[in-house]
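Open your viewer and get ready to click along.

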Amino acid sequence: MRQIQISQPVTGEEEWQATKEPLMTGWLTAGPKVREFEQLFAERHNVKHAIAVTSATTALHLALVALGVGEGDEVIVPAFTWVSTANVILYCGAKPVFCDIDVKTFNIDPEQLKSKITSKTKAIIPVHLFGLCADMDRIKEIAGNIPLVEDGACAAGAAYKNTPAGGLGNIGCFSFHPRKSVTTGEGGMLTTNDDDIAEYLSQLRNHGASISEEQRHHGPKPYILPDFNMLGYNYRMTDLQGAVGVVQIKKLDFFIDERAKWAEFYDKELASIDWLTTPWRDENYKHGWQSYVTLIDESKSPYSRNEIMEILQNKGISTRPGTHAVTMLSYYTDKIGINPNDFPGAMIANNQSMAIPLHNRMTDEDYKYVVEVLKGIE
Ligand SMILES: *Cc1c(COP(=O)(O)O)cnc(C)c1O
(Lines give C-alpha, C1' and ligand atoms only; values in the text may rest on other atoms or scores of the structure.)
Protein backbone atom coordinates (compact mmCIF):
# COMPACT_ATOMS: atom_id res chain seq x y z
CA MET A 1 0.00 0.00 0.00
CA ARG A 2 1.02 3.57 -0.63
CA GLN A 3 2.64 5.19 2.45
CA ILE A 4 2.62 8.98 2.58
CA GLN A 5 4.38 10.73 5.41
CA ILE A 6 3.16 14.02 6.84
CA SER A 7 6.50 15.63 6.03
CA GLN A 8 9.86 14.56 4.62
CA PRO A 9 12.85 16.79 4.01
CA VAL A 10 14.52 16.85 0.61
CA THR A 11 18.22 16.35 1.16
CA GLY A 12 20.65 14.22 -0.82
CA GLU A 13 23.80 14.19 -2.87
CA GLU A 14 24.30 17.98 -2.96
CA GLU A 15 23.90 18.44 0.79
CA TRP A 16 26.15 15.46 1.42
CA GLN A 17 28.86 16.87 -0.88
CA ALA A 18 28.56 20.27 0.78
CA THR A 19 29.55 18.88 4.17
CA LYS A 20 32.83 17.62 2.70
CA GLU A 21 34.60 20.98 2.69
CA PRO A 22 34.27 21.76 6.40
CA LEU A 23 35.21 18.18 7.21
CA MET A 24 38.32 18.36 5.01
CA THR A 25 39.47 21.80 6.16
CA GLY A 26 38.63 21.09 9.79
CA TRP A 27 36.67 24.33 10.22
CA LEU A 28 33.68 22.71 11.88
CA THR A 29 31.99 25.30 14.07
CA ALA A 30 30.59 28.67 12.96
CA GLY A 31 32.87 29.91 10.18
CA PRO A 32 32.79 30.70 6.45
CA LYS A 33 29.86 28.39 5.59
CA VAL A 34 27.65 29.80 8.33
CA ARG A 35 28.51 33.30 7.14
CA GLU A 36 27.61 32.44 3.56
CA PHE A 37 24.32 30.90 4.69
CA GLU A 38 23.55 34.03 6.73
CA GLN A 39 24.23 36.27 3.72
CA LEU A 40 22.02 34.24 1.42
CA PHE A 41 19.25 34.09 4.02
CA ALA A 42 19.41 37.85 4.61
CA GLU A 43 19.27 38.57 0.86
CA ARG A 44 16.31 36.28 0.31
CA HIS A 45 14.37 37.84 3.18
CA ASN A 46 15.41 41.38 2.34
CA VAL A 47 16.87 42.14 5.78
CA LYS A 48 20.18 43.76 6.72
CA HIS A 49 21.32 41.06 9.14
CA ALA A 50 20.87 37.32 9.59
CA ILE A 51 22.49 35.55 12.55
CA ALA A 52 22.54 31.75 12.58
CA VAL A 53 21.86 29.83 15.79
CA THR A 54 21.06 26.26 16.84
CA SER A 55 17.23 26.35 16.54
CA ALA A 56 14.22 28.65 16.35
CA THR A 57 13.84 28.10 20.08
CA THR A 58 17.30 29.47 20.85
CA ALA A 59 16.66 32.26 18.33
CA LEU A 60 13.49 33.24 20.19
CA HIS A 61 15.32 33.04 23.50
CA LEU A 62 18.11 35.34 22.31
CA ALA A 63 15.60 37.75 20.76
CA LEU A 64 13.96 38.22 24.15
CA VAL A 65 17.33 38.54 25.91
CA ALA A 66 18.38 41.18 23.37
CA LEU A 67 15.19 43.13 24.08
CA GLY A 68 15.98 43.05 27.80
CA VAL A 69 13.08 40.81 28.79
CA GLY A 70 13.46 39.70 32.40
CA GLU A 71 11.73 39.21 35.71
CA GLY A 72 8.55 41.22 36.17
CA ASP A 73 8.04 41.63 32.42
CA GLU A 74 5.16 40.27 30.39
CA VAL A 75 5.42 38.93 26.84
CA ILE A 76 2.30 38.29 24.76
CA VAL A 77 2.14 35.09 22.76
CA PRO A 78 -0.64 33.27 20.87
CA ALA A 79 -2.31 30.38 22.71
CA PHE A 80 -2.05 28.06 19.69
CA THR A 81 1.62 27.59 18.75
CA TRP A 82 4.54 25.26 19.31
CA VAL A 83 5.31 25.07 23.04
CA SER A 84 8.74 26.69 22.77
CA THR A 85 7.29 30.06 21.64
CA ALA A 86 6.00 30.34 25.22
CA ASN A 87 8.82 28.44 26.97
CA VAL A 88 11.42 31.04 25.97
CA ILE A 89 9.50 33.66 27.96
CA LEU A 90 9.86 31.48 31.05
CA TYR A 91 13.58 31.00 30.28
CA CYS A 92 13.89 34.78 30.77
CA GLY A 93 12.01 34.71 34.07
CA ALA A 94 9.18 36.71 32.51
CA LYS A 95 5.45 35.97 32.36
CA PRO A 96 3.81 34.58 29.22
CA VAL A 97 0.50 36.34 28.56
CA PHE A 98 -1.58 34.26 26.17
CA CYS A 99 -3.81 35.76 23.51
CA ASP A 100 -6.39 33.68 21.67
CA ILE A 101 -6.17 33.04 17.95
CA ASP A 102 -8.49 33.67 15.05
CA VAL A 103 -9.45 30.11 14.09
CA LYS A 104 -9.83 31.23 10.48
CA THR A 105 -6.08 31.98 10.12
CA PHE A 106 -4.74 30.02 13.14
CA ASN A 107 -2.81 33.22 13.99
CA ILE A 108 -3.01 35.67 16.91
CA ASP A 109 -6.29 37.62 16.90
CA PRO A 110 -5.39 41.34 16.70
CA GLU A 111 -8.80 42.30 18.15
CA GLN A 112 -8.04 40.42 21.37
CA LEU A 113 -4.44 41.57 21.52
CA LYS A 114 -5.46 45.06 22.66
CA SER A 115 -6.87 43.87 25.97
CA LYS A 116 -3.70 41.89 26.78
CA ILE A 117 -1.34 44.87 26.74
CA THR A 118 -0.36 46.30 30.12
CA SER A 119 2.37 48.64 31.37
CA LYS A 120 4.51 45.51 31.90
CA THR A 121 4.30 44.29 28.30
CA LYS A 122 7.89 44.15 27.11
CA ALA A 123 7.40 42.35 23.78
CA ILE A 124 4.85 40.59 21.58
CA ILE A 125 5.60 37.39 19.66
CA PRO A 126 3.28 37.08 16.64
CA VAL A 127 3.62 33.60 15.12
CA HIS A 128 3.38 33.05 11.35
CA LEU A 129 1.82 29.65 11.84
CA PHE A 130 2.17 26.98 9.15
CA GLY A 131 3.75 29.61 6.87
CA LEU A 132 0.93 32.19 6.91
CA CYS A 133 2.08 35.56 8.23
CA ALA A 134 0.22 37.15 11.12
CA ASP A 135 -1.67 40.38 10.31
CA MET A 136 1.39 42.51 11.06
CA ASP A 137 -0.05 45.93 10.12
CA ARG A 138 -2.95 45.53 12.55
CA ILE A 139 -0.61 44.16 15.20
CA LYS A 140 1.81 47.09 14.79
CA GLU A 141 -1.05 49.55 15.03
CA ILE A 142 -2.13 48.03 18.34
CA ALA A 143 1.38 47.42 19.69
CA GLY A 144 2.63 50.99 19.20
CA ASN A 145 6.20 51.08 20.52
CA ILE A 146 6.19 47.57 21.99
CA PRO A 147 8.82 45.50 20.13
CA LEU A 148 7.62 42.64 17.95
CA VAL A 149 9.48 39.34 17.68
CA GLU A 150 8.29 37.30 14.71
CA ASP A 151 8.13 33.56 15.28
CA GLY A 152 8.72 32.71 11.64
CA ALA A 153 9.78 29.13 12.39
CA CYS A 154 7.36 27.96 9.68
CA ALA A 155 7.63 31.01 7.45
CA ALA A 156 10.93 30.97 5.54
CA GLY A 157 10.13 32.58 2.18
CA ALA A 158 6.65 33.75 3.22
CA ALA A 159 5.60 37.39 2.83
CA TYR A 160 3.00 39.89 3.98
CA LYS A 161 2.06 42.74 1.62
CA ASN A 162 5.26 42.03 -0.35
CA THR A 163 7.57 42.25 2.68
CA PRO A 164 9.21 38.91 3.47
CA ALA A 165 8.81 37.39 6.93
CA GLY A 166 11.78 38.28 9.13
CA GLY A 167 11.58 41.98 8.26
CA LEU A 168 8.05 42.58 9.57
CA GLY A 169 8.96 43.13 13.22
CA ASN A 170 12.03 44.13 15.23
CA ILE A 171 13.57 40.65 15.25
CA GLY A 172 12.62 37.55 13.21
CA CYS A 173 13.23 33.91 14.20
CA PHE A 174 13.35 30.92 11.85
CA SER A 175 13.75 27.15 12.17
CA PHE A 176 15.62 24.60 10.05
CA HIS A 177 14.19 21.54 11.79
CA PRO A 178 13.39 18.78 9.24
CA ARG A 179 9.65 19.54 9.57
CA LYS A 180 10.20 23.04 8.10
CA SER A 181 10.56 23.91 4.40
CA VAL A 182 14.38 24.07 4.40
CA THR A 183 16.52 22.17 6.87
CA THR A 184 19.97 21.87 8.38
CA GLY A 185 18.97 19.01 10.72
CA GLU A 186 18.55 21.33 13.67
CA GLY A 187 19.18 25.03 13.22
CA GLY A 188 17.75 28.51 13.45
CA MET A 189 18.18 32.06 12.19
CA LEU A 190 17.66 35.51 13.65
CA THR A 191 16.94 38.45 11.36
CA THR A 192 16.89 42.18 12.02
CA ASN A 193 17.37 45.51 10.29
CA ASP A 194 18.81 47.05 13.46
CA ASP A 195 22.64 47.21 13.48
CA ASP A 196 22.96 47.39 17.28
CA ILE A 197 20.59 44.50 17.92
CA ALA A 198 22.44 42.44 15.29
CA GLU A 199 25.78 43.08 16.98
CA TYR A 200 24.31 42.24 20.39
CA LEU A 201 22.71 39.02 19.09
CA SER A 202 25.97 37.80 17.51
CA GLN A 203 27.78 38.31 20.79
CA LEU A 204 25.02 36.65 22.81
CA ARG A 205 25.10 33.47 20.69
CA ASN A 206 28.89 33.18 21.11
CA HIS A 207 29.25 33.16 24.92
CA GLY A 208 29.00 36.95 24.93
CA ALA A 209 32.49 37.20 23.44
CA SER A 210 33.33 40.65 22.17
CA ILE A 211 35.36 39.27 19.23
CA SER A 212 34.56 36.10 17.29
CA GLU A 213 36.83 33.07 17.02
CA GLU A 214 37.23 33.81 13.34
CA GLN A 215 38.31 37.42 13.91
CA ARG A 216 40.76 36.18 16.50
CA HIS A 217 42.13 33.66 14.04
CA HIS A 218 42.88 36.34 11.48
CA GLY A 219 43.96 39.05 13.92
CA PRO A 220 47.53 40.31 14.22
CA LYS A 221 47.60 40.07 18.02
CA PRO A 222 47.50 36.38 19.02
CA TYR A 223 47.68 37.20 22.74
CA ILE A 224 44.27 38.88 22.74
CA LEU A 225 41.47 36.81 24.22
CA PRO A 226 37.95 38.14 23.81
CA ASP A 227 36.47 40.16 26.63
CA PHE A 228 33.15 39.07 28.15
CA ASN A 229 31.03 41.94 29.34
CA MET A 230 27.68 40.17 29.26
CA LEU A 231 26.15 36.81 30.15
CA GLY A 232 26.23 34.95 26.85
CA TYR A 233 25.21 31.55 25.52
CA ASN A 234 26.67 28.96 23.20
CA TYR A 235 24.01 28.89 20.48
CA ARG A 236 26.40 28.72 17.51
CA MET A 237 25.47 26.83 14.37
CA THR A 238 28.17 24.47 13.06
CA ASP A 239 29.78 24.98 9.65
CA LEU A 240 28.57 21.50 8.68
CA GLN A 241 25.02 22.80 9.10
CA GLY A 242 25.93 26.09 7.43
CA ALA A 243 27.17 24.18 4.37
CA VAL A 244 23.86 22.28 4.17
CA GLY A 245 21.97 25.55 4.69
CA VAL A 246 23.74 27.17 1.72
CA VAL A 247 22.47 24.37 -0.54
CA GLN A 248 18.96 24.33 0.98
CA ILE A 249 18.28 28.08 0.92
CA LYS A 250 18.88 28.10 -2.84
CA LYS A 251 16.06 25.56 -3.18
CA LEU A 252 13.61 27.40 -0.93
CA ASP A 253 11.59 29.09 -3.68
CA PHE A 254 11.44 25.92 -5.74
CA PHE A 255 10.12 24.04 -2.68
CA ILE A 256 7.51 26.71 -1.93
CA ASP A 257 6.34 27.03 -5.54
CA GLU A 258 5.86 23.30 -5.81
CA ARG A 259 3.97 23.16 -2.51
CA ALA A 260 1.84 26.16 -3.54
CA LYS A 261 0.85 24.38 -6.73
CA TRP A 262 -0.32 21.30 -4.82
CA ALA A 263 -1.96 23.40 -2.10
CA GLU A 264 -4.06 24.90 -4.86
CA PHE A 265 -4.88 21.41 -6.10
CA TYR A 266 -6.02 20.45 -2.58
CA ASP A 267 -8.07 23.69 -2.30
CA LYS A 268 -9.96 22.93 -5.49
CA GLU A 269 -10.40 19.22 -4.95
CA LEU A 270 -11.39 19.37 -1.29
CA ALA A 271 -13.83 22.28 -1.68
CA SER A 272 -16.67 19.81 -2.20
CA ILE A 273 -16.22 18.24 1.25
CA ASP A 274 -18.60 20.24 3.41
CA TRP A 275 -17.11 19.09 6.75
CA LEU A 276 -13.57 20.16 5.89
CA THR A 277 -12.26 23.74 5.74
CA THR A 278 -9.12 24.34 3.65
CA PRO A 279 -6.49 26.90 4.75
CA TRP A 280 -7.43 30.58 4.60
CA ARG A 281 -6.03 32.56 1.69
CA ASP A 282 -5.65 36.24 0.93
CA GLU A 283 -3.82 38.00 -1.87
CA ASN A 284 -1.89 40.17 0.62
CA TYR A 285 -0.21 37.07 1.98
CA LYS A 286 2.37 34.89 0.27
CA HIS A 287 2.02 31.56 2.05
CA GLY A 288 5.20 29.66 2.97
CA TRP A 289 3.32 26.32 2.97
CA GLN A 290 5.22 24.69 5.81
CA SER A 291 2.02 22.67 6.38
CA TYR A 292 -1.41 22.34 4.83
CA VAL A 293 -3.76 22.48 7.81
CA THR A 294 -7.48 21.82 7.50
CA LEU A 295 -10.24 22.15 10.08
CA ILE A 296 -12.82 19.40 10.61
CA ASP A 297 -16.39 20.43 11.45
CA GLU A 298 -17.57 17.51 13.56
CA SER A 299 -21.19 18.68 13.45
CA LYS A 300 -21.16 17.80 9.73
CA SER A 301 -18.51 15.10 9.42
CA PRO A 302 -19.46 11.41 9.43
CA TYR A 303 -16.73 10.71 12.00
CA SER A 304 -14.77 12.64 14.62
CA ARG A 305 -11.46 14.32 13.72
CA ASN A 306 -9.53 11.55 15.46
CA GLU A 307 -11.49 8.81 13.71
CA ILE A 308 -10.85 10.48 10.37
CA MET A 309 -7.14 10.61 11.18
CA GLU A 310 -7.23 6.88 11.98
CA ILE A 311 -9.04 6.06 8.75
CA LEU A 312 -6.37 7.96 6.82
CA GLN A 313 -3.56 6.27 8.73
CA ASN A 314 -5.02 2.86 7.89
CA LYS A 315 -4.91 3.87 4.24
CA GLY A 316 -1.23 4.81 4.50
CA ILE A 317 -1.73 8.56 4.80
CA SER A 318 -0.23 10.15 7.88
CA THR A 319 -1.79 13.30 9.33
CA ARG A 320 -1.23 15.37 12.48
CA PRO A 321 -3.13 17.95 14.50
CA GLY A 322 -1.90 21.36 13.21
CA THR A 323 -0.06 21.96 16.48
CA HIS A 324 -1.11 22.19 20.14
CA ALA A 325 -2.76 24.84 22.28
CA VAL A 326 0.03 25.65 24.73
CA THR A 327 -2.78 26.67 27.07
CA MET A 328 -3.90 23.03 27.26
CA LEU A 329 -0.48 21.52 28.04
CA SER A 330 -0.19 20.26 31.60
CA TYR A 331 2.92 22.27 32.46
CA TYR A 332 0.99 25.44 31.64
CA THR A 333 -2.28 24.41 33.27
CA ASP A 334 -0.76 22.82 36.40
CA LYS A 335 2.41 24.82 37.03
CA ILE A 336 1.59 28.19 35.47
CA GLY A 337 -2.12 28.14 36.35
CA ILE A 338 -3.52 28.75 32.88
CA ASN A 339 -7.23 28.01 32.37
CA PRO A 340 -7.53 26.43 28.91
CA ASN A 341 -11.18 27.48 28.68
CA ASP A 342 -10.10 31.10 28.47
CA PHE A 343 -8.83 30.36 24.96
CA PRO A 344 -11.71 28.78 23.03
CA GLY A 345 -10.19 29.47 19.61
CA ALA A 346 -6.98 27.67 20.51
CA MET A 347 -9.05 24.78 21.90
CA ILE A 348 -11.01 24.41 18.66
CA ALA A 349 -7.78 24.51 16.64
CA ASN A 350 -6.20 21.98 19.01
CA ASN A 351 -9.11 19.54 18.74
CA GLN A 352 -10.33 20.04 15.18
CA SER A 353 -7.27 20.83 13.04
CA MET A 354 -5.73 18.25 10.78
CA ALA A 355 -2.57 18.69 8.72
CA ILE A 356 -2.52 16.53 5.62
CA PRO A 357 0.68 15.60 3.72
CA LEU A 358 2.29 18.41 1.70
CA HIS A 359 5.99 18.12 1.02
CA ASN A 360 8.50 17.97 -1.78
CA ARG A 361 9.00 14.22 -1.85
CA MET A 362 5.37 13.56 -2.77
CA THR A 363 4.45 12.48 -6.29
CA ASP A 364 1.44 13.57 -8.36
CA GLU A 365 -0.08 10.17 -7.63
CA ASP A 366 0.37 10.70 -3.87
CA TYR A 367 -1.62 13.94 -3.96
CA LYS A 368 -4.37 12.39 -6.05
CA TYR A 369 -4.53 9.45 -3.64
CA VAL A 370 -4.92 11.73 -0.59
CA VAL A 371 -7.81 13.55 -2.30
CA GLU A 372 -9.45 10.30 -3.40
CA VAL A 373 -9.30 8.82 0.12
CA LEU A 374 -10.60 12.00 1.75
CA LYS A 375 -13.47 12.26 -0.71
CA GLY A 376 -14.30 8.63 -0.07
CA ILE A 377 -14.96 9.21 3.63
CA GLU A 378 -18.70 9.24 4.12
C1 LIG B 1 9.05 24.41 14.87
C2 LIG B 1 8.60 25.59 15.60
C3 LIG B 1 9.37 26.16 16.63
C4 LIG B 1 10.62 25.52 17.16
O5 LIG B 1 11.63 25.40 16.20
P6 LIG B 1 12.96 24.60 16.60
O7 LIG B 1 13.94 24.99 15.52
O8 LIG B 1 12.63 23.15 16.58
O9 LIG B 1 13.40 25.07 17.93
C10 LIG B 1 8.92 27.32 17.22
N11 LIG B 1 7.76 27.91 16.83
C12 LIG B 1 7.01 27.40 15.85
C13 LIG B 1 5.75 28.10 15.45
C14 LIG B 1 7.39 26.21 15.21
O15 LIG B 1 6.60 25.69 14.25
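Colour the chain by secondary structure: this predicted model has 15 helices and 15 strands.

How does the radius of gyration compare with that of a compact globule? For 378 residues, such a globule would come out near 21 Å, and the chain has 21 Å, so the two agree.

The accessible surface comes to about 16,600 Å², and carbon and sulfur atoms account for 49% of that. Of the 378 residues, 55% count as buried.

Time to zoom in! Select residues 276-277, which are strand S12, then 292-296 for strand S14 and 353-356 for strand S15. Together these 3 strands form an open, antiparallel sheet in the order S12-S14-S15. Which strands stand at the edges? They are S12 and S15; each has a single partner strand, so one side of each is left without a neighbour in the sheet.

Strands of a sheet pair through backbone hydrogen bonds. Look at S14 and S15, which run antiparallel and are joined by 4 bridges. For a last stop, select Val 293 and you will see Ala 355 of S15 standing opposite.

Notes. Residues numbered from 1 in each chain as written. Predicted model: local features only at pLDDT ≥ 70, side-chain atom pairs only at ≥ 80, totals over all residues. Heavy atoms only, no water. Helix = DSSP H or I, 4+ residues; strand = E, 2+ residues; numbered from the N terminus. Rg over C-alpha atoms; globule rule 2.2 N^0.38 Å. Buried < 20%, exposed > 50% of the residue type's maximum accessible area, 1.4 Å probe, protein only. Areas by Shrake-Rupley, 256 points an atom, 1.4 Å probe, with all protein chains shown as cover. Pairing = 2+ DSSP bridges.
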